[in-house]
Amino acid sequence: MAGALALEAEDYLGWLSNERGRAARTVASYRADLDSFAGWLEARGSGLLDAASSDIAAYLAFLRDDLGRAPSTVARAAVSLRGLYRFLVAEDLAPTDPAGALDVPRTPAGLPRALRRDQVLQLLASPVGDSPLARRDRAMLEVLYGMGLRASELVALSLGDVDLDERLMRVWGKGGKERVVPVGRHAADAVGEWLSGAGRGAVEPPAWRTRDDSAALFLNARGRRITRQGVWLIVRRHGDRVGLGPDQLTTHVLRHSCATHMLDGGADIRSVQELLGHASISSTQRYTAVSQERLTEVYRQAHPRARY
């Protein structure tokens, strides 16, 4: 068995649970498959992010021929690996899909999961104090939820993308597509506190390592542009503080929560599509199903003539 899975793989497992609605037992099976493959790669001096098509073919042959695994087990491993690398490519974490040639069955899409509003408020209140990193964490969480940003979009934000006077932010989505989104009051206040001398100014290095670091909106403790992995760890740390485990909270879940809560509050689907940067309205329509589910649940619980 391998050690801890790569953060990208953990993010994928969280995405399976929260966005695709996979059952806990299914996600555990995917985890076991990825952990087994990671261990096999590690023994050969490689890792999940370095795997080639030949590695995947060799591993599946190893399961089938050397270990004598049942065809169903080998097929499930293929599904797990295909799903992982599709996710990595879709999130711009890998340039190519080494599992793209695998012929595996597709599984139906589930519904995205969203936090309750009280859970979001608990999470947003988790970073306490006025330290530079507490200010940064508050701002990041407010932006992720307040504007429904992807983690990759958050880390790409630069100082020139933010206009707190007009409360607007320029976001660079998938494929370098640009959109301008409104910044809510709480997010604007939190970003303003981070941009003060007691926030970002306190972690700026004496000399910038790169020009890109100097332009970054969010920095890590060493004064470098924060990475997607860094965002993942920050979200997880605050999630753990308020009792939201990895099966409940990822950066994706905050994005889903933003969309779902807007639709619950009466926003039209086209506005949500523009905010989230969905190329197709069909991607946004999945959230209307979530809101409809909640409406049906509330109706059945509350209306005296709806119970049966």
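A residue is called buried when its relative accessible area is under 20%, exposed when over 50%, and partly exposed in between (1.4 Å probe, protein chains only). By that cut-off, 11 of the 12 residues of helix 1 are buried, so this helix is largely enclosed by the rest of the structure. The structure is a predicted model, in which local features need pLDDT of at least 70 and side-chain atom pairs count only at pLDDT 80 or more, while totals for chains, interfaces and linings use all residues. Residues are numbered from 1 along each chain as its sequence is written, and side-chain values use heavy atoms, with hydrogens and water left out.

**Helix 1**

- Helices (H or I, at least four residues) and strands (E, at least two) are DSSP runs numbered from the N terminus.

**Packing of helix 1 on helix 2**

- The axes of helix 1 and helix 2 are 10 Å apart and meet at an angle of about 160 degrees; axes are lines fitted to C-alpha atoms, for helices over the stretch in contact, and angles run from 0 to 180 degrees between N-to-C directions.
- That makes helix 1 roughly antiparallel to helix 2, a term for angles over 145 degrees.
- Helix 1 contributes A9, E10, Y12, L13, L16 and S17 to the contact, and helix 2 contributes V27, Y30, R31 and L34.

**Nonpolar cores**

- A nonpolar core is a set of buried Ala, Val, Leu, Ile, Met, Phe, Trp, Tyr and Cys residues joined through side-chain atoms within 4.5 Å.
- The largest one has 45 residues, of which L154, L157, M169, F218 and V231 touch the most other members.
- Helix 6 gives this core its largest share, seven residues.
- Beyond its neighbours within four places in sequence, L154 contacts M140, V143, L144, L149, F218 and V231.
- Another core, of 30 residues, lies apart from the largest one and has Y12, Y30, I56 and L88 among its members.

**S257**

- S257 is a residue of helix 12.
- Its relative accessibility is 0%, so S257 counts as buried.
- Not counting residues up to four places away in sequence, S257 touches A114, L115, V120 and Y145.

Terms used. Contact = heavy atoms within 4.5 Å. Parallel < 35°, antiparallel > 145°, perpendicular 65-115°, else oblique.
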